[in-house]
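Hi everyone, thanks for making time this morning.

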Amino acid sequence: TKLILLDSLLQEMKRLKILLLVSAALVCLVQADESPLSQLRQHVFFGYDRNVIPQHKNETDTYPLEVQLGLAPKWVDMESSGVLTIIFWLRLLWNDPRLAWNPRDHHNITAFRITPDELWKPDIAIYNKQDLDNGILAADPRSSNINAHVHHNGNVLWIPPVAHKVLCEGVTYENWPWGRQQCNLNFGSWSYDADQYDLQFYQDKKEMDLRQFGNYNQFKILRQKGEKIVETYNTSPQPYVTLKFKFSLRRKYVVDPNLGRIDNPDWNSFQ
């Protein structure tokens, strides 16, 4: 009888131990979910659908979402085929009112970072993209792990680094490879028309930001300008917005495997 009682007592102690461990784990989980940032995320994303475009409304109507786009190139190269390889920072800014909150209600948190996979993102395409192995979107899927910044007013800023090959429209072979070349980058939404979102230049700057375009580049960008075009197509009566970055560039030098660096012999005459 004593052995039976002792065995029963041991079994009960095991059950209590397991119960205590489970309770401790649940307490830790609840405490983690009660952190200010976790509470904010739960509040912001409750009922959020990343597949639905943000909508801006007033008392009587819905107006297009404004999406700002900017470029900060770091490196370029051009092939004799007229294909330009470019590495740049893509700057995208838009406002999603579903993601807005009052910092006073959330421990004065004014912003947080998040993986872009959890957000609605503008489907900006490069219309003259040449390398389509990774699709036509300007935000390369290979950069999808770069965090976006969400601000308390609903602004979302995403600046992924990307690399693309594009087809230039103004390539000439007079004095190749030293001559001046004309190139362009054409951006626009792949599926949304101008009534759904309006594409604008980032901070209203109608040119690329060249501050990170280093002297290590074999090319120099000489002149540039941005142009916004709203046009319709035969396939749709709705207007679509295109942002064009047009620029001229000239090669400063080439690198020969045997001779090393060869400078542009006409460089000084064009400065």
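Let me start with a question: which residues in helix α2 (residues 36-45) are buried? They are S38, L40, V44 and F45. By buried I mean under 20% relative accessible area, with exposed being over 50% and partly exposed in between, using a 1.4 Å probe and protein chains only. Looking down the axis of α2, the buried residues fall within an arc of 160 degrees, so they line one face of the helix; the arc is taken from the directions from the helix axis to the C-beta atoms. As a reminder, an α-helix has 3.6 residues a turn, so residues three or four places apart point the same way. Just after α2 comes G47, with a positive phi of about 75 degrees.

Some housekeeping. This is a predicted model, where local features need pLDDT of at least 70 and side-chain atom pairs count only at pLDDT 80 or more, while totals for chains, interfaces and linings use all residues. Residues are numbered from 1 along each chain as its sequence is written, and side-chain values use heavy atoms, with hydrogens and water left out.

Now the overall picture. The protein chain has 2 helices and 15 strands; these are DSSP runs numbered from the N terminus, with helices being H or I of at least four residues and strands being E of at least two. Of the 271 residues in the protein chain, 39% are buried. If you take the contacts with a separation of 6 or more, 70% are between residues 24 or more positions apart, where contact means heavy atoms within 4.5 Å. The protein chain exposes about 16,300 Å², and carbon and sulfur atoms supply 53% of that; accessible areas come from the Shrake-Rupley method with a 1.4 Å probe, and for residues only the protein chains shown count as cover.

On to the inside. The largest nonpolar core has 53 residues. Such a core is a set of buried Ala, Val, Leu, Ile, Met, Phe, Trp, Tyr and Cys residues joined through side-chain atoms within 4.5 Å. Among those with the most contacts inside it are L69, L90 and F187. Leaving aside neighbours within four places in sequence, the contacts of L69 include L90, I124, F187, L199 and F245.

H106 sits in the loop between β4 (83-95) and β5 (111-114), and is buried at 12% relative accessible area. Not counting residues up to four places away in sequence, H106 touches L40, H43 and W101. N108 lies in the loop between β4 and β5 as well, but N108 is exposed, at 57%.

That brings me to backbone geometry. Most residues other than glycine have a negative phi, and most peptide bonds are trans. N108 has a positive phi near 60 degrees, and N175 also has a positive phi near 60 degrees. The peptide bond from W176 to P177 is cis, with omega near 5 degrees.

What about charges? Side chains of opposite charge can pair when their charged atoms come close. A search of the whole structure finds 10 salt bridges, each being a side-chain nitrogen of Lys or Arg within 4 Å of a carboxyl oxygen of Asp or Glu. In one of them, D209 meets R91 at 3.1 Å, N to O. D209 is buried at 14% relative accessibility, and R91 is buried at 15%. D209 also forms a salt bridge with R211, at 2.7 Å, and R211 is exposed at 70%. Through shared partners, R91, D209 and R211 join into one network.

Another salt bridge pairs D198 with K228, the closest N and O atoms being 2.8 Å apart. D198 lies in strand β11 and K228 in strand β12, so the pair ties together parts 30 residues apart in sequence.

Last stop: W190, in the loop between β10 (181-189) and β11 (197-201). W190 is exposed, at 54% relative accessibility.
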